[in-house]
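Here are my notes on the model, as promised. Have a look at the fold below, and then go through the points with the structure open beside you.

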Amino acid sequence: MAGNIDPLVTCDAFIKILEDNLGTKFDALDTAYGDSITLTDVSDYRFGPLIEHPSYPAMVVVGEEEEEPDDLLGEDIFFQRLNVRMIVVGDDPLVSWISPVGVTRTLLPTEYLGLLLKRMARGVIEVIRSNPFLTISSVNYCDRIFFEGAQLDDIFIDQDDDSYFRQDILLAFRVQIST
């Protein structure tokens, strides 16, 4: 029956996949891009929205159960939604970037942080696409994780300290679960 799996358990299984695979994926992306930007491993995984994080880059995974199972699929299959927010910060108003062809450019915080988040999002999506099944319990399992979309938020500039920049990206996933 739908409703018997806490979305927090699904979030934990999702985070476990990322903790096990995302660092390696980031290293591969750094090599593939071949420029001067290096992705830093996510240092803080959380299950719910927070105002402050102990360290960055941070990731917050929030799960919610959809209200009704899909009638076409039967009562033993239902869906949960996972919203994954990745957060990066910077303290330099201008960042020097050396492209793969050796050209040096100066990036504004919006360009640099946005570039980092887009690459991190690509890493998360590729890891989940290569590991689309979650082990939730011995009797409940995830049939599939579907990526639904991404939204890059506007950059935040601290009014008291204009050298502190923060930007987030939100990734939406839908998880099909069988009971």
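1. Strands β4 (residues 95-98) and β5 (residues 104-107) run antiparallel and share four bridges; pairing here requires at least two DSSP bridges between the strands. Five residues lie between the strands of this hairpin, and Gly102 adopts a positive phi near 90°.

2. A word on the basis of all this: the model is predicted, so local features need pLDDT of at least 70 and side-chain atom pairs count only at pLDDT 80 or more, while totals for chains, interfaces and linings use all residues. Residues are numbered from 1 along each chain as its sequence is written, and side-chain values use heavy atoms, with hydrogens and water left out.

3. Which residues of β4 are on its covered face? Val95 and Trp97 are, whereas Ser96 and Ile98 make up the uncovered one. Leu94 is partly exposed at 44% relative accessible area (buried is under 20%, exposed over 50%, partly exposed in between, with a 1.4 Å probe and protein chains only). Leu94 touches Thr106, Leu107 and Leu108, leaving aside residues up to four places away in sequence; contact means heavy atoms within 4.5 Å. The C-alpha atoms of Leu94 and Leu108 are 5.1 Å apart, although 14 residues separate the two in sequence.

4. Now the overall layout. The protein has two helices and eight strands, in the order α-β-β-β-β-β-α-β-β-β along the sequence. Helices (H or I, at least four residues) and strands (E, at least two) are DSSP runs numbered from the N terminus. Of the 179 residues, 41% count as buried. Among contacts with a separation of 6 or more, 66% come from residues 24 or more positions apart.

5. Helix α1 (residues 7-33) deserves a look, with its bend of about 45° at Asn21, taken as the angle between axes fitted to the seven residues ending there and the seven starting there. The buried residues of α1 include Phe14, Ile15, Leu18, Leu22 and Phe26. An α-helix has 3.6 residues a turn, so residues three or four places apart point the same way. Gly34 follows α1 and has a positive phi, near 65°.

6. Tyr45, in strand β1 (residues 44-46), touches Ile15, Leu18, Glu19, Leu22 and Met59, again without residues up to four places away in sequence. Its C-alpha atom is 9.8 Å from that of Lys16, 29 residues apart along the chain.

7. The largest nonpolar core has 40 residues, and those with the most contacts inside it are Phe14, Met59, Met86, Val124 and Phe173. α1, β2 (58-65), β3, α2 (109-130) and β8 each contribute at least two residues to this core. Such a core is a set of buried Ala, Val, Leu, Ile, Met, Phe, Trp, Tyr and Cys residues joined through side-chain atoms within 4.5 Å. Phe14 touches residues including Val61, Leu82, Ile128 and Phe173.

8. Finally, is Arg166 buried or exposed? Arg166 lies in strand β8 (residues 165-178) and counts as buried because its relative accessibility is 16%. Its side chain makes a polar contact of 3.3 Å with that of Asp168 (a pair of N or O atoms within 3.5 Å; within protein, one must be able to donate a hydrogen and the other to accept it, and residues adjacent in sequence count only if both atoms are side-chain atoms).
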